[in-house]
Amino acid sequence: MTGYSDATIWLIILTVALGTYGLRWSFLGVFGSRPMPLWAQRLLRYTAVGVLPAIVAPLVVWPAATQGQPDPARMIAAVVAVAVGVATRNVLAAILGGMATLYTALYLMT
Amino acid sequence: MSAPADLAAPSGLTPEQSRALRRSPTQCLRHGFVQALPFILVLLPFGMLFGVVATDAGLDLPQILGFTVLVLAGASQFTAVQLLTDHAPALVVIVSAIAVNLRMAMYSASLVPWLGGARPRDRAWIAYTLIDQSYALAIQHYEKHPRLNLAQRIGYFLGAVLATCPFWLLATLLGVWLGKAIPEDWALDFAMPITFLALIAPMLRSPAHVAAALVAVVGSLVFAFLPSGLGLFVAAPLAMLTGAGVEVLMERRNGARL
């Protein structure tokens, strides 16, 4: 069906699984409680705010659900989620605010 | 200074922080579990879609479960199945699917200061269950409550994992069995961006964090033309350098003022 033998597919699955586990384990496994150099600690403090917005921004501007067409409802919802999150420091409130805005905007705009 | 000892917020802790510090590891687990529940909205449609796409690609149930249980990384699983559908050489499938997960090494490094002291056994399962959602939730919790002890941090992480990883498996199975994803007009595609934004927003507590996030956004949009998510690997390091750079500048300025 796939044009690959079962053995090849399992080889792919196992190699990707091992490689991915290696990436996840890498620093956590090797460094353990040994202190990281100061410059590395300084950089790593910004991992979350450096990676997660970079994952999300293209999805907000060019949503797959609209075939990459910018969608005002989704952009407004994203802005509201950030604004509620900054104002309340409450993750759940930000999620609820964002989703409620999304459904309201989609309902009003269609 | 002369604050009475029985005040609710000793040594500058907010009431929420003191509450978090008093939780037992089991209570931390429950707390992490509850806070991770909204992610089911993200994982359910995404996982079901994987079940559908993988079935369409001609994979059998053990193989689909092999991906979901052993790889346990949505974007990477989709990449692999997409390339299998395109009849790419096995090596290309492997390299691309692993490359999508390079960010996991950055997550791993950034958790070292918080979880590095855990036993090797604990670090082993934490690595296995290190997904975008468990990472994002845990790191914002640790930064918000820096004085949690190791057992509390591990408990919270386990709670977040228990509310997310099993649902990834369940969602994949639902996709395989029901053969259709959740209707598009539920707009659940956008649950992922919303939940991630909701996690990031409270982390924007210094000019350095704000600057890093802005560079991440602009960088990821500017480099979006790069193939297979490579833009992330330009944007994220730039953002982290920006954050660290602004931090150094601000320290110098504060130092000069003293």
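Color chain A by burial: of its 110 residues, 44% are buried (20 or more other C-beta atoms within 10 Å of the residue's own, with C-beta atoms placed from the backbone). This is a predicted model, where local features need pLDDT of at least 70 and side-chain atom pairs count only at pLDDT 80 or more, while totals for chains, interfaces and linings use all residues. Residues are numbered from 1 along each chain as its sequence is written, and chains are lettered from A in the order in which they are written.

Next, switch to cartoon. Chain A shows 5 helices and 0 strands, with helices taken as DSSP runs of H or I, at least four residues, and strands as E runs of at least two. Along the sequence the order is α-α-α-α-α.

Zoom out on chain A. Its C-alpha atoms fill a box of roughly 50 × 50 × 20 Å along the principal axes.

Now show contacts (C-beta atoms, placed from the backbone, within 7 Å). Within chain A, of those between residues at least 6 apart in sequence, 31% join residues at least 24 apart.

Bring in chain B. The contact involves 68 residues of chain A and 79 residues of chain B. On the chain A side, select α1 (6-31), α2 (38-44), α3 (47-61), α4 (72-88) and α5 (91-109): each supplies at least two residues.

Definitions and conventions: Two residues are in contact if their C-beta atoms, placed from the backbone, lie within 7 Å. A residue is buried if 20 or more other C-beta atoms lie within 10 Å of its own, exposed if 12 or fewer, and partly exposed in between; C-beta atoms are placed from the backbone.
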